[in-house]
Amino acid sequence: KAIQAKANRGDSEAQFQLGILHVKGLNGPSNLVQAYKWLNLAALRGNGEAKRLRTEISDVMSRAEISEAQRQAREWVSTH
């Protein structure tokens with residue numbers, strides 16, 4: 001998909017939108033780990049709304065889920 005391609009190129013707005021898609025589960029079931037990962041990447045690029053939503057969803061995630069999402073975000077940064 002176009003949004004995924006843009007997110008993979010580092011477009012913070014696309015990363016934010018992808019995070020929202022994963023929160024809402026519009027492309028399947030909700031996946032908070034993937035949502036947090038993409039929101040984290042957008043937040044790292046200065047997207048304030050991504051920071052807010054990332055904090056909001058972290059309240060309903062386990063520490064293990066947050067750690068996994070952070071690991072995936074670090075991995076993404078190291079490969080892109």
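This is a guided tour of a predicted model, one selection at a time.

**Stop 1: helix H3**

Select residues 32–44, which make up helix H3. H3 has 13 residues. From its first C-alpha to its last it reaches 18 Å, close to the 18 Å expected at 1.5 Å a residue.

Now colour by accessibility. Is H3 mostly covered or mostly exposed? It is mostly covered, with 11 of its 13 residues buried. Among them are Val-33, Gln-34, Tyr-36, Lys-37, Trp-38 and Asn-40. Show the neighbouring helices next. The cover over the buried residues of H3 includes helix H1 (2–8), H2, H4 and H5.

Look at both ends of H3. Just after H3, select Gly-46, which takes a positive phi of about 90°.

**Stop 2: the largest nonpolar core**

Select Phe-16, Tyr-36, Leu-39, Ala-50, Leu-53, Ile-57 and Met-61. These residues have the most contacts inside the largest nonpolar core, which has 14 residues. Helices H2 (12–24), H3 (32–44), H4 (48–58) and H5 each give two or more residues to this core. Which helix gives the most? H3 does, with six residues. In soluble globular proteins, nonpolar side chains tend to be buried together.

Centre on Phe-16. Leaving out residues up to four places away in sequence, Phe-16 touches Leu-39, Ala-42, Asn-47, Glu-49, Ala-50 and Leu-53.

There is also a second, separate core of eight residues. Select Ala-7, Trp-38, Ala-73 and Trp-76, which are included in that second core.

**Stop 3: the tryptophan pair**

Keep Trp-38 and Trp-76 on screen. How many aromatic pairs are there? The count comes to one. Trp-38 and Trp-76 form this pair, and its geometry is edge-to-face. The ring centres are 5.9 Å apart, with 70° between the planes. Trp-38 lies in helix H3 and Trp-76 in helix H5, so the pair ties together parts that are 38 residues apart in sequence. Trp-38 and Trp-76 are both buried.

**Stop 4: Gln-15**

Go to Gln-15, in helix H2. Is Gln-15 buried or exposed? Gln-15 counts as buried, because its relative accessibility is 0%. Show its surroundings, skipping residues up to four places away in sequence. Gln-15 then touches Ala-7, Gly-10, Trp-38, Leu-39, Leu-41, Ala-42, Arg-45 and Trp-76.

**Stop 5: helix H4**

Select 48–58 for H4. At its start, a side-chain oxygen of Asn-47 reaches to within 3.1 Å of the backbone nitrogen of Glu-49. In H4, the buried residues are Ala-50, Leu-53, Arg-54, Ile-57 and Ser-58. Viewed down the axis of H4, these buried residues fall within an arc of 135°, so they line one face of the helix. Their cover includes H2, H3 and H5.

**Stop 6: helix H5**

Select residues 63–79, helix H5. Its end C-alpha atoms are 24 Å apart, which agrees with the 24 Å that 17 residues should span at 1.5 Å a residue.

Which residues of H5 are buried? They are Ile-66, Ala-69, Gln-72, Ala-73 and Trp-76. These residues cover an arc of only 125° around the axis, which puts them on the same side of H5. An α-helix has 3.6 residues a turn, so residues three or four places apart point the same way. H1, H2, H3 and H4 are included in what covers the buried residues of H5.

**Stop 7**

Zoom in on Gln-72. It is buried, with a relative accessible area of 16%. Its side chain makes a polar contact with the side chain of Glu-68, at 2.7 Å. Beyond residues up to four places away in sequence, Gln-72 touches Val-33, Gln-34 and Lys-37.

Finish on Arg-63, also in helix H5. Arg-63 counts as exposed because its relative accessibility is 78%. Now draw a distance to Gln-4, which is 59 residues away along the chain. The C-alpha atoms of Arg-63 and Gln-4 are separated by 26 Å.

Terms used: Residues numbered from 1 in each chain as written. Predicted model: local features only at pLDDT ≥ 70, side-chain atom pairs only at ≥ 80, totals over all residues. Heavy atoms only, no water. Helix = DSSP H or I, 4+ residues; strand = E, 2+ residues; numbered from the N terminus. Buried < 20%, exposed > 50% of the residue type's maximum accessible area, 1.4 Å probe, protein only. Polar contact = N/O pair within 3.5 Å; in protein donor to acceptor, adjacent residues only side chain to side chain. Contact = heavy atoms within 4.5 Å. Core = buried A, V, L, I, M, F, W, Y, C linked by side-chain atoms within 4.5 Å. Expected span 1.5 Å × (residues − 1). Arc of directions from axis to C-beta. Phe/Tyr/Trp six-rings, centres within 6.5 Å; stacked < 30°, edge-to-face > 60°.
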